[in-house]
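Please consult the sequence and the three-dimensional view below while reading.

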Amino acid sequence: MKKWMTVLCPLLCAALLTSCSVFETDKSVMHLSNPNANETTKKVYAYICEMYENHIISGQQESTWVDGPDYEMQYLFDATGKLPAMRGLDFMDDDFEGVVERAKDWWAKGGLVTICWHCGSDFTGNYDDSKNDEITNWDAVLTKGTPENEAFIENMDHAGQALLELQEAGVTVLWRPFHEFDGQWFWWGKGGPENFKKLWILMYDHFTNDLGLNNLIWVLGYSHNGEDVGDWYPGDEYCDISGADSYEVAENGAEKSLYRKTRRVTHKTKPLWLHECGLIPTEEQLKKTLWGSFMTWHTEYLMDTNTKEQLSQLYNSEYVITLDELPSFA
């Protein structure tokens with residue numbers, strides 16, 4: 001008996017380790033949730049899936065209030081000689097016209113575009129407006145045909161029309177609405193997981209089926225919370241990329257635990273991204289926890305938590321994809 005145990009135990013342990021490995025993704029099951037996605041969007045998503053677990057796509061969120069909208073991009077170029085593959089933009093404060101123009105410009109440079117929306121609960125202004133930071137009657141807002149629902153959708157269409165303009169210009173958008181929902185610090189998460197899922201599906205259905213937005217890759221971004229992630233998941237058919245935001249990298253490296261939780265809830269069918277961070281994980285950490293992309297947040301999150309030497313080393317790594325290394329999606 002002991003002899004058999006000596007032989008079998010290492011084999012069983014190896015099998016167990018293999019079954020728990022992060023290298024199990026079957027990319028053949030990864031496909032866009034919208035069957036009518038346009039050809040360019042299909043190409044972008046195919047590239048994302050191809051790179052997933054082999055390389056990491058670099059991203060940088062812009063600010064627009066310091067020294068022009070290219071403040072972070074110029075800082076990165078001066079420090080590294082490179083530009084990020086993906087630019088992060090935000091419809092916050094109703095900046096639809098500005099975001100559309102900068103998105104078109106970045107796309108024309110060959111870059112990827114991701115857009116979030118820090119808006120108030122009526123889809124205007126800013127998320128932290130004290131008069132505009134929560135919904136008091138979720139049932140009315142989420143019930144089709146009510147006056148509250150119709151007004152809600154009409155305001156939602158401010159972004160919808162901007163995204164349609166980008167579709168007409170041939171721009172694919174990695175659309176990341178309602179981020180950090182499970183943290184419940186933004187209005188879109190304060191109603192709890194059931195209302196959030198209805199909200200997400202309402203926007204997905206309206207943008208996809210009513211407005212005919214076929215240029216969107218839907219990005220579901222959890223917070224660092226990492227609790228009850230399954231309760232908040234709207235379903236495989238309503239998102240294309242998942243992942244999380246985390247500013248805890250200084251303590252937790254590339255957030256392997258958070259990666260595993262989001263991976264489990266998406267049934268290994270979605271690429272996973274580190275959507276926001278301050279300190280960027282090292283190349284070694286990123287190779288052990290296989291996020292498909294990282295995006296550093298703007299201003300001090302980029303400049304005060306990362307040294308220029310760290311940025312240069314990472315951006316010039318063969319593992320990290322920068323703007324100059326992207327293929328053409330036209």
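## Basis of the report

The structure is a predicted model. Residues are numbered from 1 along each chain as its sequence is written.

Strand 8 covers residues 293-296. Both of its faces are covered: Ser293 and Met295 are buried on one side, and Phe294 and Thr296 are buried on the other.

Between strand 7 and strand 8 the chain passes through helix 11, forming a right-handed β-α-β crossover.

Glutamine 60 belongs to strand 1. Its relative accessible area is 0%, and therefore glutamine 60 is classed as buried, the cut-off being under 20%. The side chain of glutamine 60 reaches the backbone oxygen of threonine 296 at a distance of 3.1 Å. Threonine 296 is itself one of the buried residues of strand 8.

## The enclosed cavity

The structure contains 1 cavity of 30 Å³ or more. The volume of the largest cavity is about 50 Å³. Its lining consists of Met86, Thr114, Leu174, Arg176, Val219, Trp273, Leu274, His275, Ser293 and Met295. By class, these residues comprise 6 nonpolar, 3 polar and 1 charged.

Which strands each supply at least two residues of this lining? They are strand 7 and strand 8. The largest share, 3 residues, comes from strand 7. Ser293 and Met295, both part of the cavity lining, are the buried residues on one side of strand 8.

The largest pocket has a volume of about 370 Å³. It is lined by 23 residues, and those closest to its centre are Asp90, Met92, His118, Trp297 and His298. The lining of the largest pocket is made up of 8 nonpolar, 7 polar and 8 charged residues.

The second largest pocket holds about 220 Å³ of space. Of its 14 lining residues, Ile280, Pro281, Thr282, Glu283 and Gln310 are nearest the centre. Helix 11 (283-288) and helix 13 (308-315) each contribute at least two residues to this lining, and helix 13 gives the most, with 4 residues. The lining of the second largest pocket includes 6 nonpolar, 7 polar and 1 charged residue. Helix 11 is also the helix through which the chain crosses from strand 7 to strand 8.

## Two loop residues with positive phi

Glutamate 255 has a positive phi of about 60°, although it is not a glycine. This residue lies in the loop between helix 9 (249-252) and helix 10 (256-265). Glutamate 255 counts as buried because its relative accessibility is 5%, and the cut-off is under 20%.

Lysine 268, likewise not a glycine, has a positive phi of about 60°. Its place is in the loop between helix 10 and strand 7. Is lysine 268 buried or partly exposed? At 30% relative accessibility, lysine 268 counts as partly exposed.

Notes: Predicted model: local features only at pLDDT ≥ 70, side-chain atom pairs only at ≥ 80, totals over all residues. Heavy atoms only, no water. 1 Å grid on protein atoms, 1.4 Å probe; cavity = no way out; pocket = protein on both sides within 12 Å on 5 of 7 lines; lining within 4 Å. Points joined across faces, edges and corners; volume = space filled by probe spheres on them. Nonpolar A, V, L, I, M, F, W, Y, C, P; charged D, E, K, R; others polar. Buried < 20%, exposed > 50% of the residue type's maximum accessible area, 1.4 Å probe, protein only. Right-handed = clockwise from strand over helix to strand, strands pointing away. Polar contact = N/O pair within 3.5 Å; in protein donor to acceptor, adjacent residues only side chain to side chain.
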